[in-house]
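Visitor: I am new to this structure, and I would like to be taken through some of its helices and loops by way of questions.

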Amino acid sequence: MELKYIRIQGRELSYITQKPKGIFSVCWRMVNDGIMTEADANKFKNIDCWFKENLPEPDPCKNRQKVITYFKTGTSKDMLKMLQPVLGLLDKYNHPYDIVYTNFIGEIIYEDKWQVAVRVDG
C-alpha cells in the first residue's frame, strides 16, 4: 500500500493546535532560543527562505487557523530532499522528531501540488 502523506514533526505541542509542531516551527524555536550556532541558524534560515519561495503558504496557516500540514509523498520529493540538512540539524542538537507516513489525515481544507492542510478539532 502506498502512503499518500508525510509529516515531519517534533514531540512538543503547538500552542495553537495542541498537536506536535511541524519541523519549521521546531527549528524556529531553536533559532529564537539561541540553541543553534549562528552558522547553523543561517543554514536553516536559507532553507526556510527556499521553501518560502518554492512552496505556497496555505491561507489557513497564514490566518493561524487550527491546521496541520502534510507533504504529498507523490509530488514532494524535491521538498523532502531540501529538508535533509534540517533533519541533520535536529540530529546535531539531539532534538527528537518523528517522520509520520499516513493515508488518514482528516478533513483537508487546503490543497496544492505538494501539500495539504488539515483541520484540527478543538
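Predicted model: local features only at pLDDT ≥ 70, side-chain atom pairs only at ≥ 80, totals over all residues.

Visitor: At what angle do helix H1 and helix H2 pack, and how far apart are their axes?

Guide: Two packed helices are described by the angle between their axes and the distance between the axes. For H1, residues 23–32, and H2, residues 38–54, the angle is about 145° and the axes are 10 Å apart.

Visitor: Which residues of H1 and H2 make the contact, and how many of them are charged?

Guide: On the H1 side the contact is made by Phe24, Cys27, Trp28 and Val31, while H2 brings in Ala41, Phe44, Lys45, Asp48 and Phe51. When the residues of this contact of H1 with H2 are divided by kind, there are 7 nonpolar and no polar ones, and the number of charged residues is 2.

Visitor: Are H1 and helix H5 oblique or roughly parallel to each other, and why?

Guide: The axes of H1 and H5, the latter spanning residues 84–92, come within 11 Å and cross at roughly 50°. Angles under 35 degrees count as roughly parallel and those from 65 to 115 as roughly perpendicular, so that an angle lying between these ranges belongs to the rest. H1 and H5 are therefore described as oblique.

Visitor: Which residues of H5 take part in the contact with H1?

Guide: The crossing of H1 and H5 is left-handed, and from H1 the residues Ile23, Val26, Cys27 and Met30 take part in the contact. The residues of this contact divide into 7 nonpolar, no polar and no charged. From H5, the residues are Val86, Leu87 and Leu90.

Visitor: How are H2 and H5 oriented to each other, and why?

Guide: The axes of H2 and H5 come within 10 Å, and they cross at roughly 150°. Since angles over 145 degrees count as roughly antiparallel, H2 and H5 are therefore roughly antiparallel.

Visitor: How many charged residues are there in the contact of H2 with H5?

Guide: The contact is made by Asp40, Lys43, Phe44 and Ile47 of H2 together with Pro85, Val86, Leu89 and Lys92 of H5. Of these, 5 are nonpolar and no polar residue is found, and the count of charged residues is 3.

Visitor: Is Ser14 buried or exposed, and why?

Guide: Ser14 lies in the loop between strand E1 (5–13) and strand E2 (20–22). Its relative accessible area is 15%, and because the cut-off places anything under 20% in one class, Ser14 counts as buried.

Visitor: The backbone nitrogen of which residue lies 3.1 Å from a polar atom of the side chain of Ser14?

Guide: Backbone nitrogens of two residues can be named here, and that of Thr17 lies 3.3 Å from a polar atom of the Ser14 side chain. The backbone nitrogen at 3.1 Å from a polar atom of that side chain belongs to Ile16.

Visitor: How far apart in space are Lys19 and Val120, C-alpha to C-alpha?

Guide: Lys19 lies in the loop between E1 and E2, and at 37% relative accessibility this residue counts as partly exposed. Leaving aside neighbours within four places in sequence, Lys19 is in contact with Glu12, Leu13, Ser14, Ile68 and Val120. Although Lys19 and Val120 are 101 residues apart in sequence, their C-alpha atoms are separated in space by 8.3 Å.

Conventions: Residues numbered from 1 in each chain as written. Heavy atoms only, no water. Axes fitted to C-alpha atoms, helices over the stretch in contact; angles between N-to-C directions. Helix = DSSP H or I, 4+ residues; strand = E, 2+ residues; numbered from the N terminus. Contact = heavy atoms within 4.5 Å. Nonpolar A, V, L, I, M, F, W, Y, C, P; charged D, E, K, R; others polar. Left-handed = near helix turned anticlockwise from the far one by under 90°. Buried < 20%, exposed > 50% of the residue type's maximum accessible area, 1.4 Å probe, protein only. Polar contact = N/O pair within 3.5 Å; in protein donor to acceptor, adjacent residues only side chain to side chain.
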